[in-house]
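Please look at the sequence and the model before the dialogue begins.

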Amino acid sequence: MHTTKQITNNIYYVGVNDRTKHLFESLWEIPAGVSYNSYLIVDEKVALVDTVDACYSDLFLSKIEGVLGEKPIDYLIINHMEPDHSASIATIKRKYPSIQIVGNAKTFGMLDGFFNIKDNLYEIKEADTLTLGKTVLRFYLTPMVHWVETMMTFDETNKVLFSGDAFGCFGALDGGVLDSQINVDKFWPEMERYYSNIVGKYGYPVQRALAKLSNLDIQTICSTHGPVWQKYLQKTISIYNDLSLYQGKKGVVVMYGSMYGNTEQMAEVIADTLVANGIENVVMHNVSKSTPSYIIADIFRYQGLIIGSPTYSNELFPLVESMLSKIKNRDIKNRYFAYFGSFSWAGVANKKLAAFAEQVGFEVVYEGGVEQKFALKHDKYVECVKLAESMAQRLNNSSL
Ligand code: FEO
């Protein structure tokens, strides 16, 4: 038996919570779990919007049956093919063999490739409609929010947007779905972390999608992850708008690796100097302890980024190198940057960090960085102070 969760008089929540996985996409931590949201629209015809992760197919089916009983589903609308939403399609098709799968041309290429499904397809194009009875659905193609086939479905009758990953967040749903019924405080940082980890590379496509949606009278957003947004709908849209414009707040992430504390001492001096120069938001991440998901989220949050690395076997410290790869992969823009490091016989890390800055196009606020041989000495202490002062000055004068 399941509690029936209604969004409007004819839209039902049939999603599930995943409180078991440690890493979403086998990469990003989800200590508070995640929800895979799916919705039933019940009219003369019945439509199911997206499915859930394969681990929860049976639970998903029983939730659907709890709403519909023996009534069949006419349409399965696939807004997004990433398997956290698509992996139960085959199960749904087995249970409802005459179901029509609604998607675009790119959806169907993936449907064939992942699941060998080629029949009962209902192809839509930009702005096409599907009428279920009183309910009229209109489809909008929103490629790269988060994959190339991504689309959104707008219920023009109920003014409900089924947005796929957009406006989603990490965190399982603890007892309620509607944002007006639950305390949503814990979801705001999880929305930023979700956006930066999952969708963050695609700021421009998100901007294009927001522009496309801006003329719709949206009263409810049903995302594929996290709460259904009604009360906080404008705040949600505003968070996505700011993040997709890479508009970091005034603040600095000091991210460093350190084997024996020498690079870390430089990081401490830099952080102290930033605060002494009026930067309230300083977040330090030792890459041997902090995890990429949280570091990436903070880099999206703040305009300044300072990276420190020891030279390790004539290379960057491997955990710093791994983080640089993840930052490059996210394609983060508009960051002020500085770098520092230490070594014992041959300094390599700073050159690599300088090359990284050039590659990603960050503005370097202290050319050449600071590089210390062995433990921190007075002259390099002074340089660390100057580096941090340069960053603080740039942020204090920033028009970003
Ligand atoms: Fe929640 Fe891109 O899948």
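Q: What should I know about the model and its numbering?
A: This is a predicted model, in which local features need pLDDT of at least 70, side-chain atom pairs count only at pLDDT 80 or more, and totals for chains, interfaces and linings use all residues. Residues are numbered from 1 along each chain as its sequence is written, and side-chain values use heavy atoms, with hydrogens and water left out.

Q: How is a pair of aromatic rings described?
A: The description uses the distance of the centres and the angle of the planes. Rings of Phe, Tyr and Trp (its six-membered ring) pair if their centres lie within 6.5 Å, and planes under 30 degrees apart count as stacked, over 60 as edge-to-face and the rest as tilted. By this rule there are 20 aromatic pairs.

Q: Are phenylalanine 24 and phenylalanine 170 buried or exposed?
A: Buried means under 20% relative accessible area, exposed over 50%, and partly exposed in between (1.4 Å probe, protein chains only). Both phenylalanine 24 and phenylalanine 170 are buried. Tyrosine 312 and phenylalanine 317 also form an edge-to-face pair, at 5.8 Å centre to centre and 75 degrees between the planes; here tyrosine 312 is partly exposed, at 35%, whereas phenylalanine 317 is buried, at 9%.

Q: Which ring lies under the charged end of arginine 193?
A: A charge sits over a ring if NZ of Lys or CZ of Arg is within 6 Å of the ring centre and within 35 degrees of the ring normal. The charged end of arginine 193 sits over the ring of tyrosine 294, 4.3 Å from its centre.
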